[in-house]
Amino acid sequence: MASQTKPVLHGYFRSSCSWRVRIAFALKGVEFDQVPVNLIKDGGQQLTEQYKTLNPMQQVPAVEIDGITLSQSLAVIQYIDETRPGPRLLPADPKKRAQVRMISDLIASGIQPLQNLYVIQKMGAEKMQWAQHFIDRGFQALEPILKETSGTYCVDDEISMADICLVPQVYNAERFKVDLEKYPTIKRLNQTLREIEAFRVSHPSCQPDTPEELRG
Ligand SMILES: N[C@@H](CCC(=O)N[C@@H](CS)C(=O)NCC(=O)O)C(=O)O
């Protein structure tokens, strides 16, 4: 049962996993509070003992919701979907639902962790090349899958968790200067999705902790 207290998202404006959760809340029309966790400042506020109590992996997001604390953005999104009214974020049809999970996992397990801050910091001067390589590798797999599954959105014509994962990953790809021309389906879907209100209001350029120079 959803409680009356507003959920609290501990996140970072530019974190793609935090953005996923912001999109899910926005699509469901759920109000929430944000507590910024700066991944860079003070050597990384996610690494403090205090934050570790919220997410022992010392990553964002962590979400306080209905009396529990959750980490792992896909678990958070599915909990929001299962407890809040509004558009379904996973389709009713088992085949489509499996496709949504396949695409979400491909991004959340097969791409994002390999270009995550903690990992690329270990790569020193090669970090750009490293991130590009793994995003490209993932997008080479994602492009034919999406060509097959997509309609207006990643799976058919309903917005789903797959779309929630795609847009922040494309944002990361752009940050790491991956050539998106090689991926026409990914590019088309991203262009369509980023115009949608829930994706716009949750964009890294307009969050409470977005620095002035990156606001837009
Ligand atoms: N599987 C986790 C991944 C979380 C994650 O990688 N968060 C990144 C930001 S998107 C982070 O906190 N990085 C901090 C670090 O690498 O030190 C999820 O989906 O929530």
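The structure is a predicted model, in which local features need pLDDT of at least 70, side-chain atom pairs count only at pLDDT 80 or more, and totals for chains, interfaces and linings use all residues. Residues are numbered from 1 along each chain as its sequence is written.

**Annotated spans**

- Helices (H or I, at least four residues) and strands (E, at least two) are DSSP runs, numbered from the N terminus.
- Residues 5-88 are 33% helix and 19% strand, and the end C-alpha atoms of this span lie 22 Å apart.
- Residues 93-212 are 62% helix and 0% strand, with 44 Å between the end C-alpha atoms.

**Domains and their contact**

- The domain assignment gives domain 1 (8-87 + 200-214) and domain 2 (94-196); such bounds come from an automatic or database domain assignment.
- The centres of domain 1 and domain 2, taken over C-alpha atoms, are separated by 19 Å.
- The contact takes 13 residues from domain 1 and 13 residues from domain 2, where two residues are in contact if their C-beta atoms, placed from the backbone, lie within 7 Å.
- On the side of domain 1 that touches domain 2, the elements giving two or more residues are α1 and α3.
- Of the elements on this side of domain 1, α1 gives the most, with 7 residues.
- The residues on this side of domain 1 divide into 10 nonpolar, 1 polar and 2 charged.
- In this division, Ala, Val, Leu, Ile, Met, Phe, Trp, Tyr, Cys and Pro count as nonpolar, Asp, Glu, Lys and Arg as charged, and the others, Gly among them, as polar.

**Surroundings of the ligand**

- The shell around the ligand has 17 residues, of which Ser15, Gln59, Ser73, Leu117 and Tyr118 come nearest.
- A residue is near a molecule or strand if its C-beta atom, placed from the backbone, lies within 6 Å of it.
- At least two residues of the shell come from each of α1 (16-28), α3 (73-83) and α5 (117-121).
- By class, the shell has 8 nonpolar, 9 polar and no charged residues.
- The ligand lies between domain 1 (8-87 + 200-214) and domain 2 (94-196), because both give residues to the shell around it.

**Helix α8 and its cover**

- A residue is buried if 20 or more other C-beta atoms lie within 10 Å of its own, exposed if 12 or fewer, and partly exposed in between; C-beta atoms are placed from the backbone.
- In helix α8 (residues 184-193), the buried residues are Ile186, Leu189, Asn190 and Leu193.
- Seen down the axis of α8, these buried residues fall within an arc of 100 degrees, so they line one face of the helix; the arc is that of the directions from the helix axis to the C-beta atoms.
- An α-helix has 3.6 residues a turn, so residues three or four places apart point the same way.
- Pro184 and Gln191, on the other side of α8, are exposed.
- The cover over the buried residues of α8 includes α6 (127-149), α7 (161-175) and α9 (197-201).

**Leu106 in helix α4**

- Leu106 belongs to helix α4 (residues 94-110), and it counts as buried because it has 21 C-beta neighbours inside 10 Å.
- Apart from its neighbours within four places in sequence, Leu106 is in contact with Ile111, Gly138, Ala141 and Leu142.
- Leu106 and Leu142 are 36 residues apart in sequence, and their C-alpha atoms are 7.6 Å apart in space.

**Backbone details in loops**

- Most residues other than glycine have a negative phi, and most peptide bonds are trans.
- The peptide bond from Val60 to Pro61 is cis, with omega near 5 degrees; Pro61 is in the loop between α2 (49-52) and β3 (62-65).
- Gln58 lies in the loop between α2 and β3 and has a positive phi, near 55 degrees.
- Gln58 counts as partly exposed because it has 19 C-beta neighbours inside 10 Å.
- Lys177, in the loop between α7 and α8, has a positive phi near 55 degrees.
- Lys177 is exposed, with 11 other C-beta atoms within 10 Å.
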